[in-house]
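Student: I would like to learn how to read a helix and its surroundings in a model. Where do we start?

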Amino acid sequence: MTATAAATAKAAGRYLRLHGRLARSRANGPGLRSVIWFQGCTLACRDCFNPESHVPTAGRDIEVAGLVDEILRDTAAIEGVTISGGEPLQQPEALLALLTGLRGGSGLSTLVFSGYRLEEIGRGPVGRACLDQIDLLVAGRYVPARHQGHGLLGSSNQEIHFLSDRYVPSDLENLPQAEVQVDPAGRVRVTGVGAPGDVLPSQAKEPAARPW
Ligand code: SF4
């Protein structure tokens, strides 16, 4: 694909820049969830635990429709999908296409971690459309002086928004703070808001781990 064609496809939400994936996780929201980390973030929170996710040209492009199809094939096993980053709202068209594809009658719930606050996301039409497709939004910059590391919050200034009636606060009690997975190749993956830093599949050439 030429650079121009790639830019056009990305603008239409056909492709997203992917940082990493986990097919199944219990430490990234309620129930068993598929997790997708977007690549690219310019928000520059101090002490971000996933600086590898910042550079927009790192990671790889992936077609949104193919990713949706793959996840929907696992609908019987998972409760929902968690989307984190990087900053998902810095690829708003791709995020909207992903959320819409996942939500369309599947019964899957959606949880999005964003460094933007709710009001920032809602300022633009694509952001507002994304909010309509999100059940749970964890919003706000990570502030190390207010580190929390549990209850889905990296720091206590962040806010959890229940944007649909799918979940209530008690659904978030007793979530694992972190999770360690070892794949058949022996690669270690550590994720969760209580993890020292995410080691994602895309980084797991060496034993590695993750952001909130
Ligand atoms: S904590 Fe999240 S929003 Fe902040 S710099 Fe890191 S990836 Fe970006």
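**Reading helix α3**

Tutor: Start with burial: in α3, the buried residues are Ala94, Leu95, Leu96, Ala97, Leu98, Leu99, Leu102 and Arg103. Keep in mind that this is a predicted model.

Student: How many residues does α3 have, and what span does it reach?

Tutor: Helix α3 covers residues 92-103, twelve residues, and reaches 16 Å from its first C-alpha to its last. That is close to the 16 Å expected at 1.5 Å a residue. Just after α3, Gly105 takes a positive phi of about 75 degrees.

Student: Which residues have the most contacts inside the largest nonpolar core?

Tutor: They are Leu16, Val64, Ala94, Leu95, Leu98 and Leu99, in a core of 34 residues. Elements giving two or more residues to this core include β1 (15-25), α2 (64-72) and α3. The largest share, seven residues, comes from α3.

Student: What is Leu95 in contact with, leaving aside its neighbours within four places in sequence?

Tutor: Leu95 is then in contact with Ile83, Pro88, Leu89 and Cys130.

Student: How many helices and strands are in the chain, and what percentage of its residues is buried?

Tutor: The chain has five helices and eleven strands. Of its 212 residues, 42% are buried.

Student: Which residues come nearest to the ligand?

Tutor: Cys41, Cys45, Cys48, Gly115 and Tyr142 do, out of 14 residues around the ligand. That shell divides into seven nonpolar, five polar and two charged residues.

Note on methods:
Residues numbered from 1 in each chain as written. Predicted model: local features only at pLDDT ≥ 70, side-chain atom pairs only at ≥ 80, totals over all residues. Helix = DSSP H or I, 4+ residues; strand = E, 2+ residues; numbered from the N terminus. Expected span 1.5 Å × (residues − 1). Buried ≥ 20, exposed ≤ 12 C-beta atoms within 10 Å, placed from the backbone. Core = buried A, V, L, I, M, F, W, Y, C linked by C-beta atoms within 7 Å. Contact = placed C-beta atoms within 7 Å. Near = placed C-beta within 6 Å. Nonpolar A, V, L, I, M, F, W, Y, C, P; charged D, E, K, R; others polar.
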